[in-house]
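Biologist: Could we take a close look at one part of this model, its aromatic pairs and what surrounds them? Please give the criteria along with the description.

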Amino acid sequence: MIPSSLYLHIPFCVHRCAYCDFNTYAGQEALIPAYAEALIREIESVAARRPDATPAHSIFFGGGTPSLIATRHLSAIMDALRQAFTLTPDLEATLEANPGTVTAQSLAEMRAAGLNRLSFGVQSANPGELRMLERAHDFFDVIQSVQWAREAGFERLNLDLIYGLPEQSLESWQNSVKRITDLAPDHISMYALTLEHGTPFGRWAARGLLPIPDPDLAAEMYEWAEEYLTNIGYAQYEISNWALPGQESRHNLQYWRNLPYFGFGAGAHGSIDGIRYSNVLRIKTYIERLVPPSSSPAYPLSPATVNQNRPSQRDTMQETMMLGLRLVHEGVSDTVFRARFGIGIHDAFPHEVDELTRLGMLEWHNDALRLTPRARLIGNQVFMRFVGD
Ligand code: SF4
């Protein structure tokens, strides 16, 4: 029985950053108590109709800014999850937090509520870059938050950085990487800035008001960080993620291995029993659909679900390749693929595998197909080959 994972979306932020395209809203904090109640209703509604008692081995509060929610709400949601699901004894329970939105006391309360891992959105150690990203914290907040987290008993900490910022120099990036590694987190995520359509950054860049980051410099930043982190003991396990041995994010591995997860909250996505689904985006509508309780659609959907589909086996095989190839060492195991789909990777994708291995983009390592190191920077081009038909 494959354990599942539980994702909870918390769509509140103090301020909407100009580069962000997540489903999150500023100035709606008055709705937090009702939202927390709706989340609990959704958890109960789905869990009550579960046909089996498959345990859950990870919980992830993502956002938005989950650390904005009062800890009494987080505690009540964790209690509801414990009631509704069998949680494994080694549960990984992560909360995304923004430095500057936590206190020593709130972190101690989160730990007491059962959370055991934090992911801080640091983004940069450079004050000018943080201002440009419209982030409300400075690096002192990061140092303070990490110290408080450790004092509260959080041993597992992820720190996020963004590279490829407009006018960011290689030296500034190197300084940010060194300063976060000085804090000795067990996990580090590094994402390239993307100028998404529909965000202020995307619009400003399209109008020439924001210098477009230099892709060659961004590649240099990535390659420098890869080497630096490896030299100081972090192992890269996914295109954008590094961890000390044994500290990989179990929750994110669930996504990359294309394994089941429930999604709760406004705009949350789930993938359970071969059904993919997503919830309504707006906070108020989400609450209205769940409080007071209304009749529930078929499992695993909830009254908040607005999209659902059952991907074909071919779709699921393609997704498994696209996601699994992100795992730079593990790749996609042919044995696991065959056990799941009844066909080997090469038989399912003969032309793609032959061409990409010939071009030096993919390689076989034991029984797994994975990206070659030089393909990591152009992973998306490789992944897209698997959805070509
Ligand atoms: S804090 Fe994070 S989730 Fe919120 S608006 Fe900024 S980037 Fe988006």
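Modeller: Tyr-228 is partly exposed, with a relative accessible area of 21%, where partly exposed lies between buried (under 20%) and exposed (over 50%), using a 1.4 Å probe and protein chains only. The model is predicted, so local features need pLDDT of at least 70 and side-chain atom pairs pLDDT 80 or more, while totals for chains, interfaces and linings use all residues. Residues are numbered from 1 along each chain as its sequence is written, and side-chain values use heavy atoms, without hydrogens or water.

Across the whole structure, a search finds 18 aromatic pairs. One of them is stacked: the ring centres of Trp-224 and Tyr-228 lie 4.8 Å apart, with the planes at 15 degrees. Rings of Phe, Tyr and Trp (its six-membered ring) pair if their centres lie within 6.5 Å, and planes under 30 degrees apart count as stacked, over 60 as edge-to-face and the rest as tilted. Because Trp-224 and Tyr-228 are four residues apart in helix α8, about one helical turn separates them; helices are DSSP runs (H or I, at least four residues), numbered from the N terminus. Helix α8, residues 215-231, also holds Glu-220, which is partly exposed at a relative accessible area of 42%.

The rings of Phe-337 and Phe-349, by contrast, are edge-to-face, with centres 6.5 Å apart and planes at 65 degrees. This pair links distant parts of the chain, 12 residues apart, with Phe-337 in helix α12 (residues 334-341) and Phe-349 in the loop between α13 (345-348) and α14 (350-358). Phe-337 and Phe-349 are both buried. Elsewhere, one aromatic cluster is formed by Phe-85, Phe-262, Phe-264 and Tyr-299.

Definitions and conventions. Helices (H or I, at least four residues) and strands (E, at least two) are DSSP runs, numbered from the N terminus.
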